[in-house]
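Biologist: Please show me the model. I would like to go through it by question and answer.

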Amino acid sequence: MRNPLQSLCSRPLPLLCCTLLALAAGVSSADAAPDTHAAGPRRAEIVFLGTAGGPLLRLDRSRPATLFQVDGHDYLVDCGIGTIRRMMEAGIESGRVRTIFLTHLHADHDLGLADVMANDYLHEDPAGASGPIAIYGPPQTRELVDAAFHYIVVGFRPFAAQNPAAYHLVNGELADPFIAHEFDRDGMIFRDDSIQVTAAENSHYAGVPMQRGYEMKSYSYRVRTPYGVIVFTGDTGPSDNVSRLAKGADVLVAESSSRDREDRDRFIEAIAAREHWSPRRIEAFRTHFELQHLDTEAVGRLASKAGVKSVVLYHYAPNDKSDQAAYVRGVKKFFAGPVFAPDDLDRYCMSSGTIQSCSKH
Ligand SMILES: [Zn+2]
Ligand SMILES: [Zn+2]
């Protein structure tokens with residue numbers, strides 16, 4: 001019997017049809033990114049897939065997502081909208097990332113997860129030999145991951161019905177390769193042959209009331225690699241707990257939601273006018289920015305207090321074209337070490353605790 005997809009394949013769309021047929025057969029598409037890391041370079045590399053903060057979408061910067069590679073192993077921190085496209089642009093196959101860390105579950109940091117999971121799922125071994133994909137995060141991570149899997153399998157069921165041998169089925173249902181690991185306290189949350197990850201709760205949700213029993217926590221991560229220590233602040237306001245976590249780190253990857261007070265106020269006024277916010281909502285948003293995010297002065301003070309070697313900024317919230325040099329200058333008023341302000345797809349390499357740009361574009 002003719003495959004229904006074949007009947008769709010007429011002259012104008014041969015490439016699309018070939019791709020659809022390959023997908024239906026569970027075969028990796030021919031345009032999958034090349035495996036550029038098979039040899040496993042002996043260094044750590046950080047790839048900034050998304051450098052924008054929320055809440056508005058923008059064309060020039062994707063939502064927060066940072067990939068780091070250690071000895072050829074890939075790990076992802078956060079997964080905002082646009083992550084999968086940036087991974088493709090960076091030449092990174094999402095299926096290579098078997099471990100994902102979520103700092104917190106704000107929408108700008110997690111709404112790209114289903115896209116990444118769907119692409120992972122497409123390339124899973126039908127015999128189940130690919131192994132699990134682990135997603136670490138605060139309370140409600142399991143709910144998020146389970147919901148994302150249920151969302152994506154609806155679209156895969158017709159392919160599996162046509163070609164069951166191409167899919168890993170358990171009792172007739174599509175097998176779920178995603179495992180959520182929730183944690184709700186400070187301490188080591190992950191360890192493998194290459195890295196060790198320690199989490200510390202930060203101040204990003206400080207004062208947020210508990211909603212109907214849902215526990216909400218936001219974490220910063222300290223990642224020990226053979227080539228140096230990286231600390232990811234995630235989203236946070238000033239926090240002694242983060243200062244302690246970052247003590248003596250080689251690289252502090254810090255959110256920098258605004259350059260300074262004027263920058264922040266301009267952004268708040270612009271978004272309030274666009275969204276027709278009430279004065280009360282404007283004040284709530286201003287308080288959120290002041291207490292639960294960092295500007296360049298707060299980043300510089302954090303970096304100095306923790307005695308880190310270098311700082312890399314991201315999570316720029318203002319929607320105007322960011323003046324990267326101004327961000328760097330703002331931090332340098334309070335911190336003497338190297339400071340970088342990357343764009344999307346910028347890469348940094350770390351060996352012996354020293355970081356430098358190794359962008360390929
Ligand atoms: Zn954010
Ligand atoms: Zn946030």
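Predicted model: local features only at pLDDT ≥ 70, side-chain atom pairs only at ≥ 80, totals over all residues.

Biologist: Which protein donors hold the zinc ion (ligand 1)?

Modeller: Donors are N, O and S atoms within 2.8 Å of the metal (3.2 Å for Na, K and Ca); water is not among the atoms, so sites may look incomplete. At 2.1 to 2.3 Å from the zinc ion (ligand 1) lie Asp108 (OD), His109 (NE2), Asp235 (OD) and His315 (NE2).

Biologist: Which residue bridges the zinc ion (ligand 1) and the zinc ion (ligand 2)?

Modeller: The two zinc ions, ligand 1 and ligand 2, lie 3.4 Å apart. The residue that bridges them is Asp235.

Biologist: Is Asp235 buried or exposed?

Modeller: Buried means under 20% relative accessible area, exposed over 50%, and partly exposed in between (1.4 Å probe, protein chains only). Asp235 has 1% relative accessibility, so the residue counts as buried.

Biologist: What share of the 361 residues of the chain count as buried?

Modeller: The cut-off is the one used for Asp235, which is itself buried. His109 also counts, because its relative accessible area is 0%. For the chain of 361 residues, the buried share is 53%.

Notes:
Residues numbered from 1 in each chain as written. Chains lettered and ligands numbered in written order. Heavy atoms only, no water.
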